[in-house]
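Please walk through the structure below with the text that follows it.

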Amino acid sequence: MGRTNEPPRLPEGGFAAWSRDRLAMARRGAEECGDVWQLEPGIYVAAAAGPCEEVLRRAQDFPKAPSPLFPPMRRSSGAPTPEERAYAHAARMRGLRAQAVAARIGEIAPGTARFADEWPTGEDVEILPPVRHTLAEIGVHYLFSEDAPALLPFAAQLFLAREVLVRPSRWSWPRWVPTPARRFRTRQQVAFTDALRPVVARRRSSGRLGDDMLGQMLRPSPRYGLLPEEAVLDTLPGITVATFETPSRAAGWILLHLARYPQAADRVAAEAALLPADPAATTITHLESLRYTQAVVREVLRLHPPSWLLTRRVARQTQLADYTVEAGATMLVCPYTAHRDPREHPEPDRFRPERWLDDADPPAKPGAFLSFGTGPHGCEGTALAMAMLTLLTAQTARRRRLSEPPGPDPSHQVTTFEGLAPAGLRLRAVPRG
Ligand code: HEM
């Protein structure tokens, strides 16, 4: 990167300090070195709303590497064609768009209500595993409807495989080396795919394709025709894990905030009292009426974006925020620091859900809220995630008062490698009278 006033590198610490505490270093880099800074030669960090948004929007100049987590399985017809990829993408978008989610709120709400009802009271509970299980049930049901129970156990294994794969290791093996973690991943991917194959065959032969995500993928498109079965099977492991992995990290942060901010929890509970007693009767109108609850979810996602650092490559020499960046460099996009920039969010470290309700001064600048990314690779599951998280928050606050275990130390560790998460979080619930 070059221009006359070259962005200063980190004054001290460099990669070693980054490895020790990535969040602290990200903040220090942004504070000391500006909106775009340099971590190492060839590794840049976009740290503020403007440059973050620009990198994500300009996907030609800053392409995203294809996800290596569940790569396409080897098949006789060769690699997926660009047309297949485009069709699979279009089918996913159809299945996950806001209208499709809105039509299924009554299927999402019972699961989140059950989570709150079944939370054992009066004892400290490690809460991320049951949250993940609940959201997996909801997510897998969203994708596969009545076929979900047969697929859920395989989905849990896919999650495990992904966790093992992204765990930091001392070596970064070339992609083709079959490490134990990669072999485990492949076995779980094959198991999931084998469980899915008969479901696809049955739906196709019966002609009842279904209205869920799988149904969308099995429908011929006027533009691309029929998506080959292998392409359907390749797309679904990643999307299945996506329905609950990041949402459960977000849910952990939200529950922690309900425990830490009882007044906010009371306000959520009051709003949630207007939801129907039978969760299955919940509609999009009910969901839309939970304005304060949505603001709580958004505010927690601002403070703790689970995808706090996104990676892009620099395809060709280009300009970013007045700097020249060289081809082949890595560009890290940091929603975490963009969200804690006082120029965009006054008192940025304060939890203040009201900031999202204040119509007079909405923090609406592009890039000011990047928890779901933006541009061509922006999150496809935003509507589903917001529906699940808003209902989980409302129904939990309505039924339970939460607190952290007593004692000076937090019950969780902040992890940054598998996404920003409160690992090991323990909370205590009592019934709300
Ligand atoms: C709170 C929950 C969620 C958060 C914070 C979140 C965040 C994100 C972010 C930041 C990206 C952009 C990544 C990048 O630019 O490199 C992304 C992409 C994506 N998300 Fe989500 N996500 C959530 C839930 C979901 C759900 C429920 C699904 C759906 C099933 C989903 C499916 C996807 C997919 C398929 C992409 C890839 C888009 C692409 O590369 O073109 N996400 N998500």
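The paragraphs below take up a sheet, a helix pair and a ligand shell.

This is a predicted model, in which local features need pLDDT of at least 70 and side-chain atom pairs count only at pLDDT 80 or more, while totals for chains, interfaces and linings use all residues. Residues are numbered from 1 along each chain as its sequence is written.

Start with the sheet. Four strands form an open sheet in the order β1-β2-β7-β4, with mixed pairing. Strands here are DSSP runs of E with at least two residues, helices are runs of H or I with at least four, and both are numbered from the N terminus. Two strands pair if DSSP finds at least two bridges between them. Strands of a sheet pair through backbone hydrogen bonds, either parallel or antiparallel. At the edges are β1 (36-40) and β4 (310-313), each of which pairs on one side only. Direction ignored, neighbouring strands of this sheet are turned by 30° against each other on average. Strand β2 (residues 43-46) pairs with β1 in the antiparallel sense over four bridges; Q38 has Y44 of β2 as its bridge partner.

Two helices lie across these strands. Helix α2 (residues 22-33) lies across β1 and β2 and runs at about 125° to β1. Helix α3 (residues 49-57) lies across β1, β2, β4 and β7 (330-333), at about 120° to β7. Such angles run from 0 to 180 degrees between N-to-C directions, and axes are lines fitted to C-alpha atoms, for helices over the stretch in contact.

Next comes a helix pair. Helix α6 (residues 105-118) packs against helix α7 (residues 128-144) at an angle of about 165°, with their axes 10 Å apart. That makes α6 roughly antiparallel to α7 (angles under 35 degrees count as roughly parallel, over 145 as roughly antiparallel, 65 to 115 as roughly perpendicular and the rest as oblique). The contact is made by E107, I108, G111, T112 and F115 of α6 and by P130, T134, E137, I138 and H141 of α7. Residues are in contact if their C-beta atoms, placed from the backbone, lie within 7 Å.

What surrounds the ligand, and which residues are the closest? The shell has 22 residues, and the closest are S307, G373, C379, G381 and A385; a residue is near a molecule if its C-beta atom, placed from the backbone, lies within 6 Å of it. Helices α11 (229-242), α12 (245-260) and α17 (382-399) each supply at least two residues of this shell. Of the shell, α12 gives the most, with three residues.
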